[in-house]
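Here's a quick tour for anyone meeting this protein model for the first time. Take a look at the structure, then read on for the packing, the rings and the backbone.

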Amino acid sequence: MQTAILSFSAPPPPLRLNSSAFSSRTHQPNTLFFPSTISNRPSVLSTENFSRKLICKPPAGKYISDDYLVKKISAKEAQELVKGERNVPLIIDFYATWCGPCILMAQELEMLAVEYENNALIVKVDTDDEYEFARDMQVRGLPTLYFISPDPNKDAIRTEGLIPIQMMREILDNEM
């Protein structure tokens, strides 16, 4: 039987820099220093050397989202929709503006809203704005969809992550 011998050493002393190491470089605004691999001198890349050209004129400040069929609602409005009387299924999309799959899901939900314009109600809730409501609804991943039937005896269907539009159609047609 062999025994292992462990030895512990003291941690290395903290790294100390003196201010004279930085005195040779003067700070210039909008300048980045990169160590040069060819010579010992640092190479300087200035953002002032680049010119910006506009490819197109920016929009006049009106958001296109007013034209979308899927509207953003607050937590209170979502709770009223769930508790209220409906004759069509309700789809609640929990999303975030920084979430890439949420943007893709929003495009699919817009196409679904066009298809099921009078046969389903699709809304979305921003989890950054309504984080307490999202927590109460147990939203763990984004995007999260809730399919809520108008029949109170049927359970809600919850999906998490990016799902294809065909799966959403099947849920609406067969499960609601």
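## Starting from Leu 112

Leaving out residues up to four places away in sequence, Leu 112 touches Ile 91, Ile 122, Ile 165, Met 168, Arg 169 and Leu 172, where contact means heavy atoms within 4.5 Å. This is a predicted model, in which local features need pLDDT of at least 70 and side-chain atom pairs count only at pLDDT 80 or more, while totals for chains, interfaces and linings use all residues. Residues are numbered from 1 along each chain as its sequence is written, and side-chain values use heavy atoms, with hydrogens and water left out.

- Leu 112 is found in helix 2; helices (H or I, at least four residues) and strands (E, at least two) are DSSP runs, numbered from the N terminus.
- With a relative accessible area of 0%, Leu 112 is buried. Buried means under 20% relative accessible area, exposed means over 50%, and partly exposed is in between (1.4 Å probe, protein chains only).
- Arg 169 sits 57 residues away from Leu 112 in sequence, yet the two are 7.8 Å apart in space, C-alpha to C-alpha.

**The nonpolar cores**

- A nonpolar core is a set of buried Ala, Val, Leu, Ile, Met, Phe, Trp, Tyr and Cys residues joined through side-chain atoms within 4.5 Å. The largest one here has 17 residues, and those touching the most other members are Ile 91, Leu 109, Leu 112, Leu 145, Phe 147, Met 168 and Leu 172.
- Helix 2 (100-115), strand 6 and helix 4 (165-175) each supply at least two residues of this core.
- Another core, of 13 residues, lies apart from it, and its members include Ile 73, Phe 94, Ala 134 and Ile 148.

- Ile 165, Met 168, Ile 171 and Leu 172 are buried in helix 4.
- Looking down the axis of helix 4, you'd see its buried residues fall within an arc of 120 degrees, so they line one face of the helix; the arc is that of the directions from the helix axis to the C-beta atoms.
- What do these buried residues of helix 4 pack against? They meet strand 4, helix 2, strand 6 and strand 7 (157-160).
- Asp 173 and Asn 174, on the other side of helix 4, are exposed.

**Rings around Phe 94**

- The whole structure has 2 aromatic pairs. Rings of Phe, Tyr and Trp (its six-membered ring) pair if their centres lie within 6.5 Å; planes under 30 degrees apart count as stacked, over 60 as edge-to-face and the rest as tilted.
- Phe 94 and Phe 133 make a tilted pair, at 5.6 Å centre to centre with 40 degrees between the planes.
- Phe 94 belongs to strand 4 (residues 90-95) and Phe 133 to helix 3 (residues 131-136), so this pair ties together parts that are 39 residues apart in sequence.
- Phe 133 is buried, with a relative accessible area of 8%.
- Phe 94 and Tyr 146 make an edge-to-face pair, at 5.9 Å centre to centre with 75 degrees between the planes.
- Since Phe 94 lies in strand 4 and Tyr 146 in strand 6, that pair ties together parts that are 52 residues apart in sequence.
- Ring pairs link Phe 94, Phe 133 and Tyr 146 into a cluster.

- Thr 144 lies in strand 6 (residues 144-148) and is buried, with a relative accessible area of 0%.
- Setting aside neighbours within four places in sequence, the contacts of Thr 144 include Ile 92, Asp 93, Phe 94 and Arg 158.
- A cis peptide bond joins Leu 142 and Pro 143, with omega about -10 degrees. Pro 143 lies in the loop between helix 3 and strand 6.
- Gln 138 is found in the loop between helix 3 and strand 6, and its phi is near 60 degrees, a positive value in a residue other than glycine.
- For context, most residues other than glycine have a negative phi, and most peptide bonds are trans.
- Gln 138 counts as partly exposed, at 49% relative accessibility.
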